[in-house]
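Hi,

Here is the structure I promised to pass on. Have a look at it first, then read my notes below.

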Amino acid sequence: MRDVIACPPGNYPLDYLLPTGNIRATFRSQCDNSHAMDASPPSSNTESPWLPFESRRRARDEKREAVLRTAVALFLEQGYHRATLNEVAKRLNITKPALYNYFRGKDEILYECWSIGNELVDDCIAETSAGGGSGLDKLRKLTVRYAELMTADYGKSLVRFDIRDLSEDNRKIVQTAKRRIDRAFRDYISQGVADGSVKPCDPKLAAFAIAGSLNWIGHWFQPGGELSGRAVAEEFAIRLTEGIAKTTMQVTSTRKTTAHKAAVPAAEKADKPPRRRNASREETSEHHARTAARAAGQSKRARSRLR
C-alpha cells in the first residue's frame, strides 16, 4: 500500500504518492522546509539541466547527421542488404533502439542518404543555370560538379543503391529526380547547338552518354588514389565533351570558308574588262584576247587529262 502525504503547495522533487519508509520521512522534512525554500530567491548560478529549444534541436540534427554519415559509409562498404542497424549503432557507440529516435527503419535511412545526394545535384544545376556562358560552358561546369559529387559517399548513393529497396512513394520521387537531372544535361547540349558552341547532335543520346559515364565513377572511384576527386572530374569533363564541342580550329575554318566565299566575287570581277571611262578600244580588245587564250589553254589541259 502507498500513503498519500499532504504538503503545503510548493515545488517538490517527488510526487505526493510515495511508498512508506525512509523516503517518506525525508519527504516530510522537505515539506517542513518548503516555505523557507519558497521565500528565498532562486540562485542565479543554478543552470537548468534542459537545453534551450534551439540547442536541443541542433543537437538532435547533429546526431541524426552522424547516423546518416555512418550508415551511408557502411552501406557502400558492405552493401545495403548485408549491412545491419546493429553495426551502425555499434560504430556510433550507441544502442540499436537509440537509432529509432531518429529513423523508423533501415529503408528510411537509405532514402535520406539518397535525398541528401539529390539536393547536392539540384544545387549544382541551379548554380550552373544561374551563371553565364555558352551551352558548352554550362555543360562542362555541370559535368565537373556532378563528376566530383560521384566521388563522395552521398553522391555514390544516387547510383549504387537499388531504388526497389525503397517504398513505392519514395521510388516515384527518385524516378522524377532522375528525369530532372537528365533534362538538365539535354538542355545545356541543346543550348550549345543553338549558340554554336556544340556540334549538331542528338541531345538525348549525348546526354545519356555523358551521364552514364559520370554515374559509373560512383562505382569504381576510391579515395586515396593517384588522382583526387576534383582531378578526375576535370579530366572527365574534357573527355566527355570534346567529341561534341566545336573546337577553335573548326571555328577558324568556318571563318576562312566565309572569307573565301566573299573573295570569289572579287576574283570574278578581276576577269571582267576594265570599265574606265577613257579606256581605248585597243585595251578592251587586248583584255578579251588574254581571257580567251587563258580559257583555251585550260580547255586543252582538261581534254588531255580525259585522254
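About 60 Å³ lies in the largest cavity. A cavity here is a set of points, on a 1 Å grid over the protein atoms alone, where a 1.4 Å probe fits but cannot get out; lining residues have an atom within 4 Å of a point. Grid points are joined across faces, edges and corners, and a volume is the space filled by probe spheres set on the points. The structure holds 1 cavity of 30 Å³ or more.

Before going on, a word on the model. It is a predicted one, so local features need pLDDT of at least 70 and side-chain atom pairs count only at pLDDT 80 or more, while totals for chains, interfaces and linings use all residues. Residues are numbered from 1 along each chain as its sequence is written, and side-chain values use heavy atoms, with hydrogens and water left out.

Back to that cavity: its lining is made of L110, W114, S157, L158, F161, D162, I163 and L166. Sorted by class, these are 6 nonpolar, 1 polar and 1 charged. (Ala, Val, Leu, Ile, Met, Phe, Trp, Tyr, Cys and Pro count as nonpolar, Asp, Glu, Lys and Arg as charged, and the others, Gly among them, as polar.) Helices α6 and α8 each give at least two residues to this lining. Helices (H or I, at least four residues) and strands (E, at least two) are DSSP runs, numbered from the N terminus.

There is a pocket to look at too, meaning an open set of points with protein on both sides within 12 Å along at least five of seven lines. The largest pocket has a volume of about 230 Å³. It is lined by 15 residues, and Y146, K178, I181, A211 and N215 are the closest to its centre. In the lining of the largest pocket, 10 residues are nonpolar, 3 polar and 2 charged.

Now for the packing. The chain has 13 helices and 2 strands, and 29% of its 307 residues are buried. Buried means under 20% relative accessible area, exposed over 50%, and partly exposed in between (1.4 Å probe, protein chains only). The largest nonpolar core has 55 residues, and F75, I109 and F185 have the most contacts inside it. α6 gives the most to this core, with 8 residues. Such a core is a set of buried Ala, Val, Leu, Ile, Met, Phe, Trp, Tyr and Cys residues joined through side-chain atoms within 4.5 Å.

What does F75 touch, not counting residues up to four places away in sequence? The list is Y80, A83, K106, I109, L110 and F161. Contact means heavy atoms within 4.5 Å.

Helix α7 (residues 135-149) is worth a click as well. Among its buried residues are L139, L142 and Y146. The buried residues of α7 pack against α6 (106-130), α8 (153-160), α9 (168-195), α10 (203-220) and α11 (229-241).

In helix α11 you'll find F236, which is partly exposed at a relative accessible area of 22%. Beyond its neighbours within four places in sequence, F236 is in contact with T143, S213, L214, I217 and W220.

N93 lies in the loop between α4 and α5 (96-99), and at 71% relative accessibility it counts as exposed.

Cheers

Conventions:
The expected span of a helix is 1.5 Å times one less than its number of residues.
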